[in-house]
Amino acid sequence: MLDWFAVDLEGEHSAMDGQILQEHSEYVVYAIHRILDQYKESRDARAKEGASVSGSLPKSVILVGHSMGGFVARAAVVHPHLRKFSVETILTLSTPHQYPPVALQPSLGHYYTHVNQAWRKGYEVETSQAGLYMSDPPLSHVVIVSISGGYNDYQVRSKLESLDGIVPPTHGFMMSSTGMKNVWLSMEHQVILWCNQLVVQVSHTLLSLIDTKTSQPFSDAHQRLGIFTKMLHSGIPQNFFAPRPLQQPKKSDHFPIQKGKVIHAPHVPAISGCPSNSQWSEDGLERDLYIQTSTVTVLAMDGRRRWLDIQKLGPGGKKHFVFVTNLSPCSGVRLHLWRERGTSASATNKGVVEVTTKMVHIPSGPAPRQIEPGSQTEQAPPSAVFWLGPEDMYGFRFITISVAPQPTVSGRPPPAASMGVGQFFNPKDGEQVFSPYKLIHSLFTDKDDNLKEDHPLTLNLTFSVSLGLLPVSLSLITTGCGIKKSEFPIEDTEDVETSRLCRRRCFPPVALAWDATSGLHVFPNLYSETIVVDSSPALWTSSHASDKTTVLLLVDPHCSYRTTAGVPLTAAAGRFLLLYFSQISGLCFAVAFFALMRQAYAWELDRPIPSVLSAVESNLRMPSPFFFLATFPILFAVLFCSLSSKSLPPIISFSIVSILCYIFANGVIVVLILLSQLLFYMAGTSHVFIKKRLQVCEGSFCFSFFQWFINMSSNFASIKVIRILRVNHLIITSLVAIALVCLVHPTLGLFVLLLSHALHCHGALCSHVQTSEFYESGNNGDSDTSNLSPINETCTGSPESTRSYGETQLEIFHHHHGLLVLHLLAALMFVPSLVAWLQRTGIGQRFPWFWDSALCIGVILHGLCDSKPEFNFYLFPIPRIPLLEIRLSFAYLIAGYFSSISALALAPYRVFYAMSVIGIASFTFRVIQTRYRKNGETYYRSRKHSHRH
């Protein structure tokens, strides 16, 4: 018996904010202590009243968490205030363990790193400084199992739910619901909570963890993990779906071998794993059938036993045997291995081994509807698969398939339908490899193929690109089934009668896909289906096995098919965005940094500052800029893995996908630039147009009122305080933004910074537009154009420069526009956290995390201290060492590379480190410049860049 408790976290978005996540873990620790204390208080109260008290008090609780609740459970286990041994078992459903689903906020990523590091350390043996053993690992008693929702869970992918590198295999594992016993389904993120098959199986598993003698969970961690494995795993091994290499005969698993000959055991009883209530007597079998072909078919439950000679039917490389059936193992069909044919029909003779328990259950899909009892109907889909390799059959001569008898229905015999198909085969006959070229080509043209009758029962398809990235739409159309005609014409394959007859004769195809990340995926009734697995290939942390997907097709050999395979373009694009969103997010910052690098480099060379769009375009030019910027982070990742103990990623796929993500990030930045530039040009043009219309309407009542309002505003602006604020607008902006970052929420401070950039862009662009129209109109008089700009931007330089005032204003717009794009991305990274913060409005807010505030202060300093392009970096002067210059373009280049590497490491939040470092350095050198200016010294080099009026 189990008592169930629920912790209500009120639906807060803990996946978006690290502070909320930490508060939830603290609350769960409190709830665990309160639950355990409640049992003690209740027991003491009953004892005080004189009631009988028996049994022991609960010492621990089992935590079951969904989504971020599972991570909260893990964080509670390593919380310093949690009582020891309070939690020994954790079960998580669709929980991201490796990284946050959207790793955008720095504090969220930092908290994840802290908790995972505590778990890794918790499984390390504690030793003294001399290396002597002191005690067991602190978490040696904790077992954790992670269940993923599979490919239909678009919010949390199986790669994030893995426990690899966090929990050793001896204390936990991750499995997908698609390969879970009695479930076999992929489900969405919320559906996993109420899916009946999964809820029932999980409930039975949790009840099995309780020791009936003590009414407490089993104390041994390995015993609890074994229960999870037995109750949840499907029992299908990974190598079941891979083509097994032909090996030399080796020692049998059933009989010992010494010096090349078999040593018979004194007594070898029949091994049967079938329950006693499913036993049926084989003495009632009508007569034996001796199969002379490599393919055997069970047409009905006829109560007969079929003999297959392994030596006779298995030559020519056909050393493997597979049997597919829709009969129930043990109660409907049983299989035995015989050393020699016995004289008795009983399967209990010496040298006979029952291998029925080696049959693997698979989901059979919906059963066909029978029109009337005993009538011929469609074949039921297979519900079990049996596979024997040469090492399993070594030392045996025969395989027997015994089918149970079945009474007649409605006075007539049961329908003559195929109940099972077995075959000796060579795995190489059914192998087919889909190369990357074939898969990419199938994006545009489907690949057709024909399977004639008497084809292998098992077709092993190897996809060189994971189906998690390129899902394959597979269609099998029946073209013949040996009824009436040996082969139907291709043009008649859509005939209803043909399809109806063949579905009575052939069992529905079944596809079993195996992925190294998410495990088993079963697709029953595969006439037309899109095969997709929940894999994450081509990542920095991916293994080489994750790049491939193995699909085992079980197809009736009596029938012929026309197969069509293709990759849907929309499905492939959707999977690409889903899998690599974190990479693209971080690479967007790298693209913005590289564009700022191009602008800063033009300023340093006394060239016109290009627009952000032109800078992005320049960085995409082949071959030098593009490959230099896109491939260096990839080379760094490979080199880092080579020098460290980490395994190398699949280099080719990793490089290709990373470059595609970089190209896609450039596209995102280009769209963002075009949209923002369009808004600024529309606002600037409207501003100039309205100003012109007001000049035309001079003397009217509306203009008089507007002029009065302008005069009042001017009088207000002439106040000393307001004038001081206008002169020192950068200081005021920084104070307001930093106050919001430290006291309210970082996003609000970043919004203030964006507003400052937007005002500078608008003012510079309005001046550029009005100046351009002024010169185009031919009015070259002595009009003063210096007052056209609402914001006074000045540039130091020489009057020898031939650039006009409008051109200079356009360059100022380009500079501020680049900063705006970069800091807009930074603000968007904190928007999910702002949504979670707004949800808690009125509940009681805490100050933002120090780490988030500190990084955002660095971003604000970067935006304000580098608001004018006339600034360069220099190192602090060292005595007797020439001054070494660090240009701003070089700093942006390093920041771009750091952002790219962070994106490849699935940690885009680390880009804030680069921005804050540049901001702090800018502020430091700005202070140094101010001090040197006061002393009359020159510590920086200005660019000769000005304008003429």
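Over how many bridges do S22 and strand S29 pair, and in which sense? In this predicted model, S22 and strand S29, the latter spanning residues 560-566, pair over 5 bridges in the antiparallel sense, and within this pairing Lys447 stands opposite Ala565 of S29. The two strands belong to an open sheet of 4 strands, arranged in the order S22-S29-S24-S27 with antiparallel pairing. Strand S22 (447-451) and strand S27 (528-531) form the edges of the sheet, each pairing on one side only, and neighbouring strands are turned against each other by 20 degrees on average, direction ignored.

The largest nonpolar core comprises 113 residues, of which Ile531, Tyr580, Tyr892, Phe912 and Met915 touch the most other members. Helix H12 (residues 581-604) supplies the largest share of this core, contributing 13 residues. When neighbours within four places in sequence are left aside, Met915 is in contact with Phe589, Phe593, Leu822, His823, Ala826, Gly858, Val859 and His862. Another core, which lies apart from this one, consists of 31 residues, including Val28, Val72, Val77 and Val87.

Helix H18 (residues 729-743) packs with helix H21 (residues 850-865) at an angle of about 165 degrees, their axes lying 10 Å apart. Because angles over 145 degrees count as roughly antiparallel, H18 and H21 are roughly antiparallel to each other. H18 passes H21 in a right-handed crossing, and the contact is made on the H18 side by Leu730, Thr733, Ser734, Ala737, Ile738, Val741 and Cys742, and on the H21 side by Ser853, Cys856, Ile857, Ile860 and Leu864.

Technical notes:
Residues are numbered from 1 along each chain as its sequence is written. This is a predicted model: local features need pLDDT of at least 70, side-chain atom pairs count only at pLDDT 80 or more; totals for chains, interfaces and linings use all residues. Side-chain values use heavy atoms; hydrogens and water are left out. Two strands pair if DSSP finds at least two bridges between them. Axes are lines fitted to C-alpha atoms, for helices over the stretch in contact, and angles run from 0 to 180 degrees between N-to-C directions. A nonpolar core is a set of buried Ala, Val, Leu, Ile, Met, Phe, Trp, Tyr and Cys residues joined through side-chain atoms within 4.5 Å. Buried means under 20% relative accessible area, exposed over 50%, partly exposed in between (1.4 Å probe, protein chains only). Contact means heavy atoms within 4.5 Å. Angles under 35 degrees count as roughly parallel, over 145 as roughly antiparallel, 65 to 115 as roughly perpendicular and the rest as oblique. A crossing is left-handed if the near helix is turned anticlockwise from the far one by less than a right angle, and right-handed if clockwise.
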